[in-house]
Amino acid sequence: MATAAGRPAAFFDLDKTIIARSSTLAFSKSLFAEGLLSRRSVLRSAYAQLVFSTGGADHDMLEKMRKEISKMVTGWDAQTVRQIVREALYEVIEPLVYAEALELIEQHREAGNDVIIVSASGSEMVEPIAQMLGATHAIATRLEEVDGRYSGRILQYCYGPNKVKAMRELAEREGYDLSRSFAYSDSATDVPMLEAVGHPFAVNPDKVLRRRATEEDWPILTFERPTALRSRLLPESTTGKAMALGGLAASASLLALGISAAWRRRTRPEAL
């Protein structure tokens, strides 16, 4: 674990914290269009999304979803999935990104804090989203590949306490001090993640997390405004497809001033 001399970082859950839906389920239409999902699987995904969006996805439900996804992707060509995700990224994800989340990410970047996306969704989906958002690192579920295809075995399931384990490993490698770091999530399943840092924030919390946040006096933030992400990105560089959030600083004053107030109330001067 990082020593007290380490620097702070900001850890963000992805689904319903930065974006308004499950990132995995958001890509189901694109996967169906390419023949990787059946109609039955799409309907099941739609039902799971409904449960997820209404806050009904508890630990058992998420475990069931994990097993279903593992079974469903067995045999898929991994490179094909990556290509589908990258081609559909803006169409699928851009309308779901909260403006308030983008402002908060930019505040952390301006403060010199690395931004890490932490999600139970697959790395094939989380890593391009993290790149699109200008995050420093992505921590996500990783699937085993054998001869370019998914075997169905999960190498790292980034959920609950496993998120904390991955966060601590990254903190050790990068020199982060978790006691000075920040974490943001919407779900009670991420209480371990929030407890692992010195500055936890509940974002659009479910009922259980809202109750816990109230008991612990954790700030509660409300994100609700989608933004046109592409209009805030710098043009593509001539050397590649990397993206940045450079345009956000100029417009920060127009976005969610309440977030800044809540952050500053709970942030020690040395954390910045």
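**Exercise 1. Decide whether Phe201 is buried or exposed.**

Solution. Phe201 has 1% relative accessibility, so Phe201 counts as buried. Here buried means under 20% relative accessible area, exposed over 50%, and partly exposed in between (1.4 Å probe, protein chains only).

Before going on, a word on the model: it is predicted, so local features need pLDDT of at least 70 and side-chain atom pairs count only at pLDDT 80 or more, while totals for chains, interfaces and linings use all residues. Residues are numbered from 1 along each chain as its sequence is written, and side-chain values use heavy atoms, with hydrogens and water left out.

**Exercise 2. Find how the rings of Phe12 and Tyr184 are arranged.**

Solution. Start with the rule: rings of Phe, Tyr and Trp (its six-membered ring) pair if their centres lie within 6.5 Å; planes under 30 degrees apart count as stacked, over 60 as edge-to-face and the rest as tilted. The structure holds five aromatic pairs. In one of them, the centres of Phe12 and Tyr184 are 4.5 Å apart and the planes are at 15°, so this pair is stacked. Strands (E, at least two residues) and helices (H or I, at least four) are DSSP runs, numbered from the N terminus. Finally, check burial: Phe12 is buried at 0% relative accessibility, and Tyr184 is buried with a relative accessible area of 0%.

**Exercise 3. Work out which residues the ring pairs link into a cluster.**

Solution. Take Tyr184 and Phe201: their ring centres are 4.9 Å apart with planes at 25°, so the pair is stacked. This pair joins S5 to strand S6 (residues 199-203), across 17 residues.

**Exercise 4. Name the residues that touch the most other members of the largest nonpolar core.**

Solution. A nonpolar core is a set of buried Ala, Val, Leu, Ile, Met, Phe, Trp, Tyr and Cys residues joined through side-chain atoms within 4.5 Å. The largest has 32 residues, and Phe12, Ile18, Ile93, Ile117 and Tyr184 touch the most other members. Among the elements that each supply at least two residues of this core are S1, S5 and S6. A second, separate core of 21 residues includes Ala9, Ile116, Cys158 and Leu194.

**Exercise 5. Describe how strands S3 and S4 pair.**

Solution. Strand S3 (residues 137-146) and strand S4 (residues 149-156) run antiparallel over four bridges; strands pair if DSSP finds at least two bridges between them. Leu143 has Ile154 in S4 as its bridge partner.
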